[in-house]
Every structure is written in structure tokens, then in C-alpha cells.
Amino acid sequence: TMTENGSSPQELEMKESAPPSPSVTLDETENSEKNQKNVEVMQERINLQNLPIRAYMDQTVVPILLDGMAALAKERPPNPVEWLATYLLKHNPQNPGNQ
């Protein structure tokens, strides 16, 4: 006997008992995770944009600037502005290569 979709009852039984094939590949999962992370980063940036000036500075610049200025005071290089700029670039927490 055939069912409405043209399959025999045995074929339907085999289809139903077979384990489901993965419909999402590893690459798709990785892309999905990357997309989710990108969305979170964008939301964080939007949230930062809505902060008052002092809160924005306290959350983004002040911590690394204080660390850099403390290191600068210990080091006392002849070119303090350039030294501090280099320190900030090397220790930038927003640069994934620095973490």
C-alpha cells in the first residue's frame, strides 16, 4: 500500500527511524557565533554612544590612560608624548591582537 506522498509504509518507517542528518554545518555554526559576537559588539558601541561624557571616558579611555601614565612616570623617557602614544597603542584593549 502506498501513502499519500507515494512512499510505502516500510519506507516511511525507515525515514522516521533514521537519525536526523545535521542540517547545520560547522562553518555555519562558526559563522553564526561570529555574527552573534558582531551583534553584541555593535550593541555595546551603541550603548557607549548613549553614555554621558564622563561615563564614556571612564569606561573606555581612563583605565588604560592611567596605566600608561603610571608606567610613563616610572620610565621617564625623553619623549613622553610619543612614549605614551606607543604604550596606548600596544596595550589597547579594543585591539584583539593585544589580548
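Student: Which residues gather in a patch of negative charge on the surface?
Tutor: Asp and Glu count as negative and Lys and Arg as positive, while His and the chain ends are not counted. Patches take residues with over 30% relative accessible area and no salt bridge, joining like charges within 9 Å and nonpolar side chains (Val, Leu, Ile, Met, Phe, Trp, Tyr) within 5 Å. Each charge is placed at CG of Asp, CD of Glu, NZ of Lys or CZ of Arg. The negative patch here holds Asp27, Glu28, Glu30 and Glu33.

Student: What kind of model is this?
Tutor: Residues are numbered from 1 along each chain as its sequence is written, and side-chain values use heavy atoms, with hydrogens and water left out. Local features need pLDDT of at least 70, side-chain atom pairs count only at pLDDT 80 or more, and totals for chains, interfaces and linings use all residues; the model is predicted.

Student: Is glutamate 33 buried or exposed?
Tutor: Glutamate 33 sits in helix 2, which spans residues 26–49. Buried means under 20% relative accessible area, exposed over 50%, and partly exposed in between (1.4 Å probe, protein chains only). Glutamate 33 has 52% relative accessibility, so it is exposed.

Student: How many helices does the chain have?
Tutor: Helices (H or I, at least four residues) and strands (E, at least two) are DSSP runs, numbered from the N terminus. The chain reads α-α-α-α-α along its sequence. It has zero strands, and its helices number five.

Student: Which residue forms a salt bridge with aspartate 58?
Tutor: Side chains of opposite charge can pair when their charged atoms come close. A salt bridge needs a side-chain nitrogen of Lys or Arg within 4 Å of a carboxyl oxygen of Asp or Glu. By that rule there is one salt bridge. Its closest N and O atoms are 3.3 Å apart, and the partner of aspartate 58 is arginine 54.

Student: Where do aspartate 58 and arginine 54 lie?
Tutor: Aspartate 58 is partly exposed at 35% relative accessible area, whereas arginine 54 is exposed at 63%. The two are four residues apart, about one turn of the helix, and both lie in helix 3 (residues 53–60).

Student: How much accessible area does the nonpolar patch of Ile53, Tyr56, Met57 and Val61 have together?
Tutor: One member, methionine 57, is in helix 3. Its relative accessible area is 34%, so methionine 57 is partly exposed. Accessible areas come from the Shrake-Rupley method with a 1.4 Å probe, and for residues only the protein chains shown count as cover. Together the four residues have about 350 Å².

Student: Which residues does glycine 68 touch, not counting those up to four places away in sequence?
Tutor: Glycine 68 is in helix 4. Its relative accessible area is 0%, so glycine 68 is buried. Contact means heavy atoms within 4.5 Å. With residues up to four places away in sequence left out, glycine 68 touches Trp83, Leu84 and Tyr87.

Student: What distance separates the C-alpha atoms of glycine 68 and tryptophan 83?
Tutor: The two residues are 15 apart in sequence. In space, C-alpha to C-alpha, they are separated by 9.2 Å.

Student: Which residues does proline 77 touch, not counting those up to four places away in sequence?
Tutor: Proline 77 belongs to the loop between helix 4 and helix 5. At 14% relative accessible area, proline 77 is buried. Beyond residues up to four places away in sequence, it touches Leu72 and Trp83.

Student: What is the phi of arginine 76?
Tutor: Arginine 76 is in the loop between helix 4 (62–75) and helix 5 (80–90). It is exposed, with 69% relative accessible area. Its phi is positive, in a residue other than glycine, and is near 50°.

Student: How far apart are the C-alpha atoms of aspartate 67 and leucine 88?
Tutor: Aspartate 67 lies in helix 4 and is partly exposed at 47% relative accessible area. Along the chain, aspartate 67 and leucine 88 are 21 residues apart, yet their C-alpha atoms are separated by 9.1 Å.

Student: What distance separates the C-alpha atoms of asparagine 92 and leucine 65?
Tutor: Asparagine 92 lies in the segment after helix 5. It is partly exposed, at 25% relative accessibility. Asparagine 92 and leucine 65 are 27 residues apart along the chain, and their C-alpha separation is 9.9 Å.

Student: What share of the residues in the chain is buried?
Tutor: The accessible surface of the chain comes to about 8800 Å², with 56% belonging to carbon and sulfur atoms. Of the 99 residues, the buried share is 10%.
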